[in-house]
Amino acid sequence: MAVSHSDELPVPLPLHELKRRRKPLRNVNEQHQQQLTHMERIALAVTQRVGTIGFFLLIAGWSFVWLLWNLTAPRPLRFDPPPAFVFWLFISNMIQILLMPLLMVGQNVLSRYAELRAEHDYEVNLKAEQEVEVVLQHLEYQNRLLERIVTLLQAQQGSPDSEQA
């Protein structure tokens, strides 16, 4: 049984062609690190340190010791008298004023990094989808070849030539 040109199966994309077409993946971690300015690195370091339980405990401990000292120490040794604790409030506010912009810059840097990672994940997913599609095309091609082989074998078994042998 001859195969006509209209019966020819389209051959799926070969693996070497798929590899040639795809662009290499980039390392988003290195890319992100290279894009950071010196100030962004400082802001990121501050953000990573301030956002810890250790920093919270440090500030809470400092405040506790400060307030306890100024409440219970002998009067001549108190340097920030109650009930106002003006110096403690001033230092606390200065810490907040100085940390707030650094934290915001650090959060912006982390946000850009998250967007870069999400974009990279999308690229990886697209690549994987294309590769899965090629695998499915190969499987479908092999399935059609097997169906054609089965059809040819069945036709041979039913032909008069096969009965004489």
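Which side chain meets that of Arg144 in a salt bridge? Select Glu140: the two side chains form a salt bridge with an N to O distance of 2.9 Å, the term denoting a side-chain nitrogen of Lys or Arg within 4 Å of a carboxyl oxygen of Asp or Glu. The model on display is predicted, with local features requiring pLDDT of at least 70 and side-chain atom pairs counting only at pLDDT 80 or more, while totals for chains, interfaces and linings use all residues. Residues are numbered from 1 along each chain as its sequence is written, and side-chain values use heavy atoms, with hydrogens and water left out.

**Stop 1: salt bridges**

Remain with this pair. Arg144 and Glu140 both belong to helix α5, four residues apart, about one turn of the helix; helices here are DSSP runs (H or I, at least four residues), numbered from the N terminus. Arg144 counts as partly exposed because its relative accessibility is 24%, where buried means under 20% relative accessible area, exposed over 50%, and partly exposed in between (1.4 Å probe, protein chains only). Glu140, at 48%, is partly exposed as well.

The structure holds four salt bridges. Select next Glu123 and Arg26, whose closest N and O atoms are 3.0 Å apart. This pair links distant parts of the chain: Glu123 is in helix α5, and Arg26 is in the loop between α1 (15-21) and α2 (28-35), 97 residues away. Both partners are partly exposed, Glu123 with a relative accessible area of 22% and Arg26 with 26%.

Then select Glu40 and Arg112, which meet in a salt bridge at 3.0 Å, N to O. Glu40 lies in helix α3 (residues 38-50) and Arg112 in helix α5, 72 residues apart. Glu40 is buried because its relative accessible area is 14%, whereas Arg112 is partly exposed at 38%.

**Stop 2: the two pockets**

A pocket is an open set of points on a 1 Å grid over the protein atoms alone, where a 1.4 Å probe fits, with protein on both sides within 12 Å along at least five of seven lines; lining residues have an atom within 4 Å of a point.

For the largest pocket, select Val50, Phe55, Ile59, Trp62, Ser63, Ser92, Ile95, Gln96, Leu99, Met100 and Leu103. The elements giving two or more residues to this lining are α4 (53-72) and α5, and α5 supplies the largest share, six residues. The space in the largest pocket is about 200 Å³, a volume being the space filled by probe spheres set on grid points joined across faces, edges and corners. Its lining divides into eight nonpolar, three polar and no charged residues; Ala, Val, Leu, Ile, Met, Phe, Trp, Tyr, Cys and Pro count as nonpolar, Asp, Glu, Lys and Arg as charged, and the others, Gly among them, as polar.

The second largest pocket has a volume of about 160 Å³. Select Arg22, Lys23, Pro24, Leu25, Arg26, Glu123, Lys127 and Gln130 to display its lining, which has two nonpolar, one polar and five charged residues.

**Stop 3: the nonpolar patch**

Select Trp69, Leu77, Phe79, Phe87, Phe90, Met94, Ile97 and Leu98, which form a nonpolar patch on the surface with about 830 Å² of accessible area together. Patches consist of residues with over 30% relative accessible area and no salt bridge, like charges being joined within 9 Å and nonpolar side chains (Val, Leu, Ile, Met, Phe, Trp, Tyr) within 5 Å. Accessible areas come from the Shrake-Rupley method with a 1.4 Å probe; for residues, only the protein chains shown count as cover. Helix α5 (residues 86-158) gives the most to the patch, with five residues.
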